[in-house]
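I opened my notebook to look through one protein model. I will go from the whole to the parts.

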Amino acid sequence: MKKILMMVAAMMVALGIQAQKIQTVDGEGNAIPLVTVLDMDGNMIGTTNINGELADVKGAAKVTVTHVAYKPQIVTIASLQNGRITMEALDYGLKEIVITPKPYLYVEYYFRAFRYIGDSLRAYGAGIYPAIFDIKKQYKPDTRTHWSYGVFSNKANGWHGAHIENQVKSWIKGSSHLAAEKFLKDKKGKEKYNASIVQEKPNVWRVEIPNEKVGQIVHSNGVSRATLDGSRMQMYSNQIHGETKMLKKRQKVDYEYQYAEIFKLADEDNDLPDIARHLMTMNHWEYNSGKGRDIEIYYIYTVEHGFVDADAFKARSKELNGHYVGDMTLEDLQQYEASHNIPPLAPAQLETIKALKKGQGK
């Protein structure tokens, strides 16, 4: 009898720790990959995969789900049907622009940067990056760029503003500035990744390499949302181009890179470049380091844009310098976010960032 009771108790424990799977979807039932799932202490539980699934919430009764293109929300796991979470799309209301004879396209970006070691948030940075793109040089970024930012991190981290600056600059200056669905069909994109875009149903396409889905593209509410498993695409590119050294390096550290973007759909009456249609981008890197699982997440939002001359850019730069310069406080960042329709941080994220700020005395 004692043995039977022990077996029953063991079964009950096993049932109690059974993995709880969730799936994030949009209002039309399409999967939402790259949703960050946090516990109520702001620790990272995980990120949804290409099918919008996370295999286990690790016993959390409530979770916060966040994504660059959707409203953050707090979810009670027990209330879900089949683990499904429906997320509501954000509308940033970026004003329309028209082409004018001025020499530059001005784009003002706002970014957020998170660094986790394992499940613990170790650093956060956010700020403004204004840039101009030279029309005569096919919208290549001009060198006259500057930025303002705030960084909060624990003292042992060593993740400072220069690292964030380099990553943001790299994206702005190194990006093709084409929407993914165009870039992958472009000559350079085709040669590099050899990926196919196949329609699954109206307004939904899958991105695939041989025998494997590596992304999806969804058109809805006047925008294109693309999500790509960048690490699989990059390593496939390494493989087909004989780049064995880089392939082995990425495999050794269990490298993962996920990418999401949102662009306004083209208007037939307004021949704007893709960079003037950009709304949001997310870059998510992971790899095994000597400190544990190193995770970096960058959100980049377009908050203002328009065609300008050099004097107008200088005037805007002067205005920014008058309000936001150097190490911005968390209050400065929140003020800018509120005035530019940037969604507020999820409560769990905000509390962990405040703890970082308090720990470094800012």
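Predicted model: local features only at pLDDT ≥ 70, side-chain atom pairs only at ≥ 80, totals over all residues.

**Surface and charge**

Residues are numbered from 1 along each chain as its sequence is written, and side-chain values use heavy atoms, with hydrogens and water left out.

Next I checked the charges. The protein has 46 positive and 42 negative charges, and their mean positions are 6 Å apart. Lys and Arg count as positive, Asp and Glu as negative; His and the chain ends are not counted. Each charge is placed at NZ of Lys, CZ of Arg, CG of Asp or CD of Glu.

**Overall form**

How many helices and strands are there? I found nine helices and 18 strands. Helices (H or I, at least four residues) and strands (E, at least two) are DSSP runs, numbered from the N terminus.

Along the principal axes, the C-alpha atoms fill a box of roughly 90 × 50 × 45 Å.

Of the 362 residues, 51% are buried. Buried means under 20% relative accessible area, exposed over 50%, and partly exposed in between (1.4 Å probe, protein chains only).

I also checked contacts (heavy atoms within 4.5 Å). Among contacts with a separation of 6 or more, 62% are between residues 24 or more positions apart.

Strands of a sheet pair through backbone hydrogen bonds, either parallel or antiparallel. Here I found three strands in an open sheet, in the order 4-1-7, with mixed pairing. Strand 4 (53-54) and strand 7 (84-86) are the edge strands, each pairing on one side only. Two strands pair if DSSP finds at least two bridges between them.

Strand 1 (residues 22-25) runs antiparallel to strand 4, over two bridges. Ile 22 has Leu 54 as its bridge partner, and Gln 23 stands opposite Glu 53. On the other pairing, strand 1 and strand 7 run parallel, joined by three bridges. Thr 24 stands opposite Ile 85 there.

Which way do the residues of strand 1 point? Ile 22 and Thr 24 point one way, Gln 23 and Val 25 the other, and all are buried.

**A hairpin**

Strand 2 (residues 36-38) and strand 3 (residues 44-47) run antiparallel and share three bridges. Thr 36 stands opposite Thr 47. Five residues lie between the two strands of this hairpin, and Gly 42 takes a positive phi near 85°.

**Two loop residues with positive phi**

Lys 58 is not a glycine, yet its phi is positive, about 60°. I found Lys 58 in the loop between strand 4 and strand 5 (62-67). Lys 58 counts as exposed because its relative accessibility is 61%.

Asn 211 is not a glycine either, and its phi is positive, about 65°. Asn 211 sits in the loop between strand 13 (204-209) and strand 14 (212-220). Buried or exposed? At 85% relative accessibility, Asn 211 counts as exposed.

Gly 189 lies in helix 4 (residues 187-193). Gly 189 is buried, with a relative accessible area of 0%. Leaving out residues up to four places away in sequence, Gly 189 touches Phe 183, Leu 184 and Asn 194. Phe 152 is 37 residues from Gly 189 in sequence and 37 Å away in space, C-alpha to C-alpha.

Helix 5 (residues 230-240) is mostly covered, with eight of its 11 residues buried. Among them are Met 233, Met 235 and Tyr 236. What do the buried residues of helix 5 pack against? I listed helix 4, strand 13, strand 14, strand 15 (223-229), helix 6 (244-252) and strand 16 (256-264). Gly 242 follows helix 5 and has a positive phi, near 70°.
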